[in-house]
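Biologist: I would like a close look at a single part of this model, followed by an account of how that part sits among its surroundings. Please take the time to connect the pieces.

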Amino acid sequence: ANRGGILAMPGVLATTSFATRTSAVKRGVWVLEQVLGQRVPPAPPNVPALEKQDQKKVANLTLRQRTELHRTNAVCANCHKILDPVASTFQKFDTAGRFLPAATWPKELPQPGFGQAVIDDVSKYPEALRWLGQQLTNDQRFITNAVTVMYRGLTGREPLAYPLEGT
């Protein structure tokens, strides 16, 4: 009942996690790149990854607080405005893709969402991935990416950006 098609397949959820914890960023990036065909720029070189932050400064901070510290960079904040609501739809699943009991859900995550739409009703959070799947399939980028991926798989070639004249 808590599965949402491909998005909630254990293989997808495990692939978009670290070995010992889930990764909201990896899951959000996976949706944008693999499902919508969008390029997500890497973090700026002057902004350290969470595991490379100054350990003296972050020793007493939670993972969430360390993530917020990372987002103080304006460039990072711009990407996270897009990534974080999408990523929040996944946080009801653990690293192996198992649905978690409500009592263990992260409390400090942004509202699950996509684009301008968000899930306001907390009671609907268990259905967040199914909701996200519906939002994605209504997005033109999903359709374009699905056709592109199928074309590549069937022909082994890149699709043309524009039809050739005279053909």
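Where does W105 lie?

Modeller: W105 lies in the loop between α5 and β1. This is a predicted model, in which local features need pLDDT of at least 70 and side-chain atom pairs count only at pLDDT 80 or more, whereas totals for chains, interfaces and linings use all residues. Residues are numbered from 1 along each chain as its sequence is written, and side-chain values use heavy atoms, with hydrogens and water left out.

For orientation, the protein has seven helices and two strands, taken as DSSP runs numbered from the N terminus (helices H or I of at least four residues, strands E of at least two). Their order from the N terminus is α-α-α-α-α-β-β-α-α, and the C-alpha atoms fill a box of roughly 65 × 40 × 30 Å along the principal axes. Of the 167 residues, 34% count as buried (under 20% relative accessible area, with exposed over 50% and partly exposed in between, for a 1.4 Å probe and protein chains only).

W105 itself is buried, with a relative accessible area of 12%. Not counting residues up to four places away in sequence, W105 touches K92, F99, L100, Y125 and P126, where contact means heavy atoms within 4.5 Å. For the protein as a whole, among contacts between residues at least 6 apart in sequence, 56% join residues at least 24 apart.

F99, which W105 touches, leads on to the aromatic rings. Rings of Phe, Tyr and Trp (its six-membered ring) pair if their centres lie within 6.5 Å, and planes under 30 degrees apart count as stacked, over 60 as edge-to-face and the rest as tilted. By this rule there is one aromatic pair. The rings of F93 and F99 have centres 5.3 Å apart and planes at 75°, so they form an edge-to-face pair. F93 is buried at a relative accessible area of 2%, while F99, at 28% relative accessibility, is partly exposed.

Turning from Y125 and P126, which W105 also touches, to the stretch that includes E127, one finds E127 in the loop between β2 and α6. E127 counts as partly exposed at 32% relative accessibility, and its C-alpha is 8.5 Å from that of T89, although E127 and T89 are 38 residues apart in sequence. In helix α6 (residues 128-137), the buried residues are A128, L129, W131, L132, G133 and L136. These buried residues pack against α2, α5 (74-88), β1 (113-114), β2 (117-118) and α7. Between the two strands, in the loop from β1 to β2, is Q116, which is exposed at 82% relative accessibility.

Finally, S23 is placed in the loop between α1 (10-15) and α2, and is buried at a relative accessible area of 5%. Leaving aside neighbours within four places in sequence, S23 is in contact with T16, S17, F18 and Q91.
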